[in-house]
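Me: I want to learn how to read aromatic pairs and helix faces in a model. Can we work through one together?

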Amino acid sequence: IAQQVAASLVRANLAGHDSHGVIRLLQYVRAVEKGEIDPAATIEVVRESATTALLDAHWAFGQVAARRAMELAIAKAEAHDLGAVGLRNSAHIGRLGEYALLAVERGLIGFLTCNASQFVAPYGGLDRVFGTNPFAYAFPTGGQPLLVDFATTPAAEGKLRVAIAKGVPIPEGWILDRNRQPTTNPADFYDGGVILPLGGYKGYGLLMVADLLGGALTGHGCTALPEHTTGNGVFLMAIRVEAFCALEQLTGSADRLFALVKSGTRAPGCEEILIPGEPEFRAQAQRERDGIELPADTWHGLTALAAEYGLSEAELLASNP
């Protein structure tokens, strides 16, 4: 379990999503200490049909629970063309794209969404009602998969943590401070601020869909309602392409579409038109070659945490492959 969670965090860093990488380790350890994560939890199948299942993670690590849920959705899709799995009472599952790509590895289409902690205002409102409620989709192609993975806010909450660790401001329009005024100081969010939805009412609609699929449908609870406590309620799907067309038809169409898009006229200041997922795959290749750079504050937090558990900085460095 430790290896699986650690690998998931490092994969997020490799993909350039430092907000979901090893910066989360301190948060996870504190959650274990407080009993909010049970590393030894048994994931329960609450109900199941040929094409669906509902799992209760009983507060297992989210990386373990979400992988189990997507693997089950994949198995059902391979047997019956479609697989849909709900997951409740799961700790933070990390980067959603990781699980959507599991489906692509088997030639399937992967989709998932989840709700999260109460950080985000509705469109036109000022109260914290929703999580950052991300969506992820992955499609097989003839080359690198299409991967769309985004929060339904201008940025994931973890990107505020990264900005604080780096000591840099955030763009206008991401958050409001405790007085509900615009601010570019990421620390203002943690001092009673609120995150805004992505794209106004359109992001607000997606926030609601994720809350209903991940929260209401699974029994995890919508974020602002009393039954929700913490963690992620997750809804995952895997789709067998051959139920609709030959895999080669889909991948061929995707490749031709990508070529057309990338060869199109670029807007002023745009050096290259990218396909969703390309930045992550390029970041992974670069970081696998050159290593992952961590802000000093993040590294100091990790070494301090290691020291609490009897590891010196030298031992921590020695354990890094």
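Reply: Start with burial. A residue counts as buried under 20% relative accessible area, and as exposed over 50%; partly exposed lies in between. In this predicted model, phenylalanine 119 and phenylalanine 189 are both buried.

Me: How many aromatic pairs does a search of the whole structure find?

Reply: Nine. One of them joins phenylalanine 111 and tyrosine 137, with 4.9 Å centre to centre and 40° between the planes, so it is tilted. This pair links distant parts of the chain: phenylalanine 111 sits in strand E4 and tyrosine 137 in strand E5, 26 residues apart.

Me: Is phenylalanine 111 buried or exposed? And what about tyrosine 137?

Reply: Apply the cut-offs. Phenylalanine 111 has 12% relative accessibility, so it counts as buried. Tyrosine 137 has 30%, so it counts as partly exposed.

Me: What geometry do phenylalanine 119 and phenylalanine 189 show?

Reply: Planes over 60 degrees apart count as edge-to-face. Phenylalanine 119 and phenylalanine 189 have 85° between the planes and 5.1 Å centre to centre, an edge-to-face pair. Phenylalanine 119 is in the loop between E4 and E5, phenylalanine 189 in helix H6, 70 residues apart.

Me: Which residues form one aromatic cluster?

Reply: Phe111, Phe135, Tyr137, Phe150 and Phe235.

Me: Now a helix. Which residues of H10 are buried?

Reply: List them, then look down the axis. Thr298, Leu302, Thr303, Leu305 and Ala306 are buried in H10. They fall within an arc of 160°, so they line one face of the helix.

Me: What do the buried residues of H10 pack against?

Reply: Helices H2, H5 and H11. Just after H10, glycine 310 takes a positive phi of about 85°.

Key: Residues numbered from 1 in each chain as written. Predicted model: local features only at pLDDT ≥ 70, side-chain atom pairs only at ≥ 80, totals over all residues. Heavy atoms only, no water. Phe/Tyr/Trp six-rings, centres within 6.5 Å; stacked < 30°, edge-to-face > 60°. Helix = DSSP H or I, 4+ residues; strand = E, 2+ residues; numbered from the N terminus. Buried < 20%, exposed > 50% of the residue type's maximum accessible area, 1.4 Å probe, protein only. Arc of directions from axis to C-beta. Contact = heavy atoms within 4.5 Å.
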